[in-house]
Amino acid sequence: MGAGAALALSVGLCPPAGAEPPDLPALLAVSEIKLGAQEHDTPGLWSGFSRERAAADANFEILFTPWAEAFGGYLRPAIGATVNLNGDTSKAYADLRWEIEAPWGVFFAIGLGAAIHDGHLSLDAPNAKALGAPVLFHPSAELGYRLDNGLSISLFADHMSNAFSRRYNEGMDTVGARLGYRFAPPSPRPTYEGPISNFAGPYIGAFAGAKFENADWLTFSGGATGYGVAWGGFAGYQWQSGRGVVGFETDASPLKTSLRTGCIGAAIDCRADVEGIYSVRARFGWVFGPALLYGTAGLAITPWHMSVTNSLTATELASSSSTGFGVAVGAGVEVELVPHLGLRAEVMHYGVPMADLSLPGVGSTSDHFESTAARAGIAWYFH
C-alpha cells in the first residue's frame, strides 16, 4: 500500500504531457549581463569636479527579464557593481531601467535606483569625495548598439549623490564603455489590464502640510532648525501609456522662512532668510486601478539672504544674497476620486547649497539649506 501511495503521489505531482514548465518569477530570470570599464570620479559632469585618483573602474551588471511595456520600450530591474582597483570609492547598485530599442539595433536606456558605497561621508580625507550618506540616489543612462548574435556595445554613465539631504554632498560620476550579452530577446509579461484611471494631460492643484527645515553653516556652527506649515500650488502635464505615466511638474511655496543660530561665541548670530521654495521636476509613475504611485526629481530653486550679525550691537558683519539652485526629490500616491479630480499625499525634499560667506578675521563658511515636507494636495485634470 505504501508503494501504491507513493506512485499515486508522484503521478499527481507530475505535469500532464505537453504542459509548459512553470515560469520563473520575472525578478529571478536573468536576461542580460554586461562588463565594462568606467573612468573613476569623472570631472565636469553632474558632480562638477573630481577629487579621487584617476583610474579605470571595473563594472559588472545583471539585467533581469523585462517587467512591463510602456512608451514603446520596457521596464526591467538591474543590479550591478563598480569596483575601484586603487582602493578608492566602490559601489553596488540596484536600478529600475526603461529601455527602448530601434529595429536596426540602436538602444537607449535610463534608470533610477539606489547605490551603497564604501567611500567617505565627510571631509576627513583630502583625496576622497565627501558623499554624506552610505546609501545614495543612483541615476544612469546608456546608449548602445546591439549585434545580431546577442552581443552589444554601449556607452554608460551614472551618478550617485544624496540630493543635498546631508551636510556633505560632493557626489561622484563614472562614464565608460561596456560589452553586453543578451540571452534572449525581451518579452515583457502582460500586465493586468483591468480598469485604470486616466492621469494624462495638463493639471493644476494646491497643497498644504507640515515641513522641517535646516540651515547648516558648515564651518561656524552646527546649524539652525525649524518647523512650519507648507502650502502652495502646482501645475504640470503628463503622458500615459497603459499603466506608465511620465510628465513634468512645477510647484511654488512662497512662504518665507528665517533660520538663526549662535555661530561664533555667544554674541554672533548666523541667519538664513529663504524667500520661498520653488521647483521644476520630472514625474514618473505606475497606475494601479484608481491610484498613481509616483516618484519625482528635478531642480529646486530658493531666493535667499545669508548674514552674520553681532547680536549685541545689531551690526551686520557680513552678508550675501542670491538665488540658490539644488535638488528636489519626492514620492507619493494620487487617487482619482471622480473623473478629472485627484487627491494626493506625498513627501518632498528640497536641498540647496548657498554661496560662501567670508567673515573678516574669522574665516569663510558655506551655508546649506534643506526643507522636507509631508503634504496633501488636490489636483484638477483638463483631459
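Guide: This is a predicted model, and it holds eight aromatic pairs.

Visitor: What makes the pair of Phe-199 and Tyr-381 edge-to-face?
Guide: The ring centres of Phe-199 and Tyr-381 are 5.9 Å apart and their planes stand at 80 degrees. Centres within 6.5 Å make a pair, and planes over 60 degrees apart count as edge-to-face, so this pair is edge-to-face.

Visitor: Why is this pair said to tie together parts of the chain?
Guide: Phe-199 belongs to the loop between strand 9 (172–182) and strand 10 (201–217), whereas Tyr-381 belongs to strand 19 (residues 363–381), so the pair ties together parts that are 182 residues apart in sequence. Both Phe-199 and Tyr-381 are buried.

Visitor: Why are Trp-239 and Phe-248 called a tilted pair?
Guide: The rings of Trp-239 and Phe-248 lie 6.2 Å centre to centre, with 50 degrees between the planes. Stacked planes are under 30 degrees apart and edge-to-face planes over 60, with the rest counted as tilted, and therefore this pair is tilted.

Visitor: How do you know whether Trp-239 and Phe-248 are buried, exposed or partly exposed?
Guide: Trp-239 has a relative accessible area of 44%, and Phe-248 has a relative accessibility of 46%. Buried means under 20% and exposed over 50%, so Trp-239 is partly exposed, and Phe-248 likewise counts as partly exposed.

Visitor: Which residues form one aromatic cluster?
Guide: Phe-199, Tyr-203, Phe-234 and Tyr-381 form that cluster. Phe-234 also has Arg-344 lying over its face, at 4.0 Å from the ring centre.

Visitor: Where does the charged end of Arg-178 sit?
Guide: The charged end of Arg-178 is placed over the ring of Phe-156, 3.8 Å from the ring centre.

Visitor: Why does Leu-123 count as exposed?
Guide: The relative accessibility of Leu-123 is 51%, and because exposed means over 50%, Leu-123 counts as exposed. Leu-123 is in the loop between strand 6 (106–117) and strand 7 (135–146). Setting aside residues up to four places away in sequence, Leu-123 touches Arg-51, Ala-130, Tyr-168 and Glu-170. Of these, Tyr-168 is 45 residues from Leu-123 along the chain, yet their C-alpha atoms are separated by 8.0 Å.

Visitor: Why does Arg-271 count as partly exposed?
Guide: Arg-271, which has its place in strand 14 (residues 268–274), has a relative accessibility of 30%. Partly exposed lies between under 20% for buried and over 50% for exposed, so Arg-271 counts as partly exposed. Leaving aside neighbours within four places in sequence, the contacts of Arg-271 include Trp-217, Ser-258 and His-305.

Visitor: What makes the phi of Asp-41 worth a look?
Guide: Most residues other than glycine have a negative phi. Asp-41 is not a glycine, although its phi is positive, at about 50 degrees. Asp-41 lies in the loop between strand 1 (30–39) and strand 2 (56–64), and its relative accessible area is 1%. Buried means under 20%, so Asp-41 is buried.

Visitor: What is the phi of Phe-71, and where does Phe-71 lie?
Guide: Phi of Phe-71 is near 55 degrees, again a positive value in a residue other than glycine, and Phe-71 lies in the loop between strand 3 (68–70) and strand 4 (73–83). With a relative accessible area of 28%, Phe-71 is partly exposed.

Visitor: How many cavities of 30 Å³ or more does a search of the whole structure find?
Guide: The search finds two such cavities. The largest cavity holds about 50 Å³ of space, and its lining has four nonpolar, two polar and two charged residues. Strand 19 gives the largest share of that lining, three residues. The second largest cavity holds about 40 Å³, and its lining divides into two nonpolar, five polar and two charged residues.

Visitor: What is the volume of the largest pocket, and which residues are the closest to its centre?
Guide: The largest pocket has a volume of about 1,200 Å³, and of the 46 residues that line it, Gly-111, Leu-112, Phe-284, Gly-295 and Ala-297 are the closest to its centre. Strand 16 gives the most to this lining, with seven residues. By class, the lining has 29 nonpolar, 14 polar and three charged residues.

Notes
Residues numbered from 1 in each chain as written. Predicted model: local features only at pLDDT ≥ 70, side-chain atom pairs only at ≥ 80, totals over all residues. Heavy atoms only, no water. Phe/Tyr/Trp six-rings, centres within 6.5 Å; stacked < 30°, edge-to-face > 60°. Helix = DSSP H or I, 4+ residues; strand = E, 2+ residues; numbered from the N terminus. Buried < 20%, exposed > 50% of the residue type's maximum accessible area, 1.4 Å probe, protein only. Lys NZ or Arg CZ within 6 Å of the ring centre and 35° of its normal. Contact = heavy atoms within 4.5 Å. 1 Å grid on protein atoms, 1.4 Å probe; cavity = no way out; pocket = protein on both sides within 12 Å on 5 of 7 lines; lining within 4 Å. Points joined across faces, edges and corners; volume = space filled by probe spheres on them. Nonpolar A, V, L, I, M, F, W, Y, C, P; charged D, E, K, R; others polar.
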